[in-house]
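Here are my notes on the structure, point by point. Please read them beside the model.

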Amino acid sequence: MKLIDASQLDALAKTLAGAGYRVVVPAEDGDVVRYAEWSPEVTIRTDAYPVNSVKDFLFPRSEVIDRYELVGDDFVPKEVTPEAPKTALLAVRPCDGQALAMLDTIFNWDFEDDLYNARREATTVVPLVCTQADAQCFCTSVGGAPDSSTGADALLRPADGGARLILDPLTEKGEALVEAAGDALAEGEAEADPPADVPVRFDPEAVRAWLDENFESDLWDLLSLACLGCGACAYACPTCHCFDIQDEKSGTEVVRLRNWDSCGFRLFTQHAGGHNPRPDQAARWRNRVMHKFTYIPERFSLPGCTGCGRCARICPAHVAMLDACARIEEESKKAPVHES
Amino acid sequence: MNLEQLKQDAKAALEDGRATLVIGFRDRASECVPAFVASADQADALTYDDTCIANTAAYLRKPEVRERRPVALVARPEVMRSLVLLKAENQLTDDDVLVLAVGGDTYHGVLTLSDVEALLNEQYAELAPEAETLAEIERLEAMTAEERAAFWAEQLAKCTRCYACRAACPMCYCERCIVERNVPQWISTAAREHGNYAWNVIRAFHLAGRCTECGACEAACPQGIPLMLLNSLVAREVRDTYGSRPGYDAEAEPVIGSWNKEDGEDFIR
């Protein structure tokens, strides 16, 4: 098997960068850890949860999708080539890999998104199996696992009490990455450490069944009261994919932008005529939960939420998806109240 | 801190109808999270310590909270200042809120906005930002303009325009924020260099004379951007230039929104 000392991830990153990869790693930045492009100044941190997800590198938070120049009286379109550098997502979380299954589907559902696909094609995903979980993790409640290889091109597995990492190639891209890693990897044998114990916290089927029957429930008011309506959860979320198109000008140039959007914002469903079909935070929060736990599963037979817990960790109001699901499951066990 | 008394007071206020909702904090897996207590039997969950940094006054912006006035809020001194300032800006009256006032290790009891104003002037007149923040501002001011620009370019590159800072701030209550207008496009919506710079600096400017330095925005930022460096700097400039500190006087006119003959002019060069 291919092995590397756990303390030598920098060396692996450096070798891959030298082989032409843009290497993305969980990088320390003051008090936070963020997936960012590796450079020799970066400190890799695999012990803390990143505040962002790998979607940043496949579906950037803002990108130019069209460009026009005003020439005389005409708007002349200019070439826009998507940036799709060869990328290695190194030591990311298995739940990020899990999310890619959903993003791949959404970005090729009713329209093939060339921008996403170009970057996806150029990306090699190398998750690091989790040997620790925190109170907000619930991957195992939504069909995931701390050692999941879904979406992975190669998998890093801690071994020998965390001192070493085993690198298993799983796809052609993974093989290519292992080859590019060359001498940064050693040959040998090691005993893989057990993955983190992530207890199952709720039954997603019970949640889904309740969601399908309780659109009008008062529980939504309760669950959403703490929510301040910002976009932090949607932006941190590895599966959230909604976007807003904005045209902006600068001098004689107009750019059409695709920016991240959040269903938590009041403006998300605001109609030009003044009507808003999701007029309060309860309706907006309900949409978020329904999207993740019934609409996506129903339409694509895939979990809409990977249980990564990022939303809960960064929410300014400490609203936790896990709490909402647990509460809904609790509610689902009560005798149904029939409204006529 | 006499948490028992706080809980008792919350219960009493709910029982006798002086409040229909208490917004405070509770413990969830060793984290201090916002709590919304609507009945006396839930009040035992209330807790408070110095990790309870959210500004509860921000919830008064939500229609679902406003319609439940009178609301009782657990508030530390900076949050109390937010409430007095909201009153000065005609967003709140004494009948709208009851304050469960906390400060340092002390629970001060149940107060009206007028009582809160008195308490602030008596006991919390000298509130200052964290020493760390002041030291960092000094460090930035000692830099050259290029070094400072590089510092902010790096910090603001992290901004994703999630607007958690705005959501966490009680003074950001505009129904339509400047960043949500595109006729004209005051601020680029793209989460990149100049748009991020414009957003964060303009928000700090819109808070000039209105920021009570509660720190909720910086705590809210998922990216760890040091927003208090901007806000505390602006607050200092307002204090030094106009001698004004927001949230200590419910009759005060807004500093930037009003003109006073005594206003200095030495910034005009």
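Which residue in S6(A) is the bridge partner of Val24(A)? It is Leu89(A).

1. Basis. This is a predicted model: local features need pLDDT of at least 70, side-chain atom pairs count only at pLDDT 80 or more, and totals for chains, interfaces and linings use all residues. Residues are numbered from 1 along each chain as its sequence is written, while chains are lettered from A and ligands numbered from 1 in the order in which they are written.

2. The parallel pair in chain A. Strand S2(A) covers residues 22-29 and strand S6(A) residues 87-92. The two run parallel, joined by 3 bridges. Strands here are DSSP E runs of at least two residues, helices are H or I runs of at least four, and both are numbered from the N terminus. Two strands pair if DSSP finds at least two bridges between them.

3. The open sheet. S2(A) and S6(A) belong to an open sheet of 4 strands, in the order S3-S2-S6-S7 (chain A). Its pairing is mixed. S3 (32-37) and S7 (123-127) of chain A are the edge strands, each pairing on one side only. From one strand to the next the twist averages 25 degrees.

4. The helix over the sheet. Helix H1(A), residues 9-18, lies across S2 and S6 of chain A. H1(A) runs at about 145 degrees to S2(A). Axes are lines fitted to C-alpha atoms, for helices over the stretch in contact; angles run from 0 to 180 degrees between N-to-C directions.

5. Strand S1 of chain A. S1(A), residues 2-5, pairs in the antiparallel sense with S9(A), residues 164-169, over 4 bridges. There, Lys2(A) has Leu167(A) as its bridge partner. S1(A) also pairs with S10(A), residues 186-187, again antiparallel, over 2 bridges. Ala186(A) is the bridge partner of Leu3(A).

6. The contact between the chains. Chain B gives 28 residues and chain A gives 29. Contact means C-beta atoms, placed from the backbone, within 7 Å. On the chain B side, S2 (31-37), H2 (63-66) and H7 (164-168) give two or more residues. S2(B) gives the most, with 4 residues. By class, this side of chain B has 16 nonpolar, 6 polar and 6 charged residues. Nonpolar covers Ala, Val, Leu, Ile, Met, Phe, Trp, Tyr, Cys and Pro; charged covers Asp, Glu, Lys and Arg; the others, Gly among them, are polar.

7. Domains of chain B. Domain 1 spans 3-123 and domain 2 spans 131-242. These bounds come from an automatic or database domain assignment. The C-alpha centres of the two domains lie 26 Å apart.

Terms used: Two residues are in contact if their C-beta atoms, placed from the backbone, lie within 7 Å.
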